Amino acid sequence: NAKLPWVETIESIVTIMKTGNLNKKIYEERDTEVGIVARFFNYLLEMLKEKNETLKKSNKSLHKKAYFDSLTKVLNRRGFLEKMKYRPYGDEYSVIIADIDKFKSINDTYGHDIGDIILSEFAEVIGNKIRLDDIFARWGGEEFVLVINTTNLNAVQNIADKIRADIEKVKFTKVGKVTASFGVSSFKASNNSFDDVFKNADEALYQAKKLGRNRVYCY
């Protein structure tokens, strides 16, 4: 009978070790050897809990740095491709590529600091107009990519044109009016891949620029 408290304490420790539940505590008897052991183990649990929380925050921070653009706070190219790798919409989606018109001129005229602000504001305008299940990312430079969960090209064209019109209405910091061109494409064949759709959207963007900018072109 005298060994029973030790058995209970050891069993409690084993249970915590197996389940990984750091919120549990061992019962601490007062003024006994088993109580001292239980108190020491509870102290170790608290330390482990604190280290675990620190590690979680660190991992979250590393994930954010790896997959999100530090300037615009949206997904970066790596984060976007990682998300698309799991085919969240199967083949039922369309791609919109948005590119700020004459962005080099903005940088040359107002400086790169203002250029960075424009990029951030531009991403915010688009981010506020899309749905929660749309995937939005900064592809690189002044180019952004948006994936819409439908292959209805007319519907996607209308979405892109609404975003284009909203951007044109916004008064951007120092620069004032900013416009953007959009290339839109969806799956054309059952054997198409994301790369195929993206390439077509990129070609459509080129045509939008060629035709005078500040417009949407579909492939």
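1. The model discussed here is a predicted one. A search of the whole structure finds seven aromatic pairs. One of them joins Phe80 and Trp139, whose ring centres lie 5.9 Å from each other with an angle of 85° between the planes, an arrangement that is edge-to-face. This pair links distant parts of the chain, since Phe80 belongs to helix H3 (residues 77-85) and Trp139 to strand E2 (residues 135-140), 59 residues apart. Phe80 and Trp139 are both buried.

2. Trp139 also pairs with Phe198: the ring centres are 4.5 Å apart and the planes stand at 35°, so this pair is tilted. Here too distant parts of the chain are linked, with Trp139 in strand E2 and Phe198 in helix H7 (residues 194-210), 59 residues apart. Taken together, ring pairs connect Phe80, Trp139, Phe194 and Phe198 into a cluster.

3. The next point concerns helix packing. Two packed helices are described by the angle between their axes and by the distance between those axes. Helix H5 (residues 112-129) packs with helix H6 (residues 153-169) at an angle of about 135°, and their axes are 10 Å apart. H5 and H6 are therefore oblique to each other, and the crossing in which H5 passes H6 is right-handed.

4. On the H5 side, the residues that meet H6 are Phe122, Val125, Ile126 and Lys129, while H6 brings Ile163, Asp166 and Ile167.

5. The contact involves Phe103, Ile106, Asn107 and Tyr110 from H4, together with His112, Ile114, Gly115, Ile118 and Leu119 from H5. In this contact of H4 with H5, six residues are nonpolar and three are polar, and there are no charged ones.

6. Backbone angles deserve a careful look at two lysines. Most residues other than glycine have a negative phi. Lys73, although it is not a glycine, has a positive phi of about 70°; Lys73 lies in the loop between helix H2 (33-67) and H3. With a relative accessibility of 59%, Lys73 counts as exposed, because the cut-off for exposed is over 50%.

7. Lys102 likewise has a positive phi, near 50°, in a residue other than glycine. Lys102 sits in the loop between strand E1 (94-100) and helix H4 (103-110), and its relative accessible area of 55% makes Lys102 exposed.

8. Where does Leu211 lie? Leu211 is found in the loop between H7 and strand E5 (216-218). Its relative accessibility is 47%, so Leu211 counts as partly exposed. From C-alpha to C-alpha, Leu211 and Gly35 are 81 Å apart in space, and in sequence they are 176 residues apart.

Key: Residues are numbered from 1 along each chain as its sequence is written. This is a predicted model: local features need pLDDT of at least 70, side-chain atom pairs count only at pLDDT 80 or more; totals for chains, interfaces and linings use all residues. Side-chain values use heavy atoms; hydrogens and water are left out. Rings of Phe, Tyr and Trp (its six-membered ring) pair if their centres lie within 6.5 Å; planes under 30 degrees apart count as stacked, over 60 as edge-to-face and the rest as tilted. Helices (H or I, at least four residues) and strands (E, at least two) are DSSP runs, numbered from the N terminus. Buried means under 20% relative accessible area, exposed over 50%, partly exposed in between (1.4 Å probe, protein chains only). Axes are lines fitted to C-alpha atoms, for helices over the stretch in contact, and angles run from 0 to 180 degrees between N-to-C directions. Angles under 35 degrees count as roughly parallel, over 145 as roughly antiparallel, 65 to 115 as roughly perpendicular and the rest as oblique. A crossing is left-handed if the near helix is turned anticlockwise from the far one by less than a right angle, and right-handed if clockwise. Contact means heavy atoms within 4.5 Å. Ala, Val, Leu, Ile, Met, Phe, Trp, Tyr, Cys and Pro count as nonpolar, Asp, Glu, Lys and Arg as charged, and the others, Gly among them, as polar.
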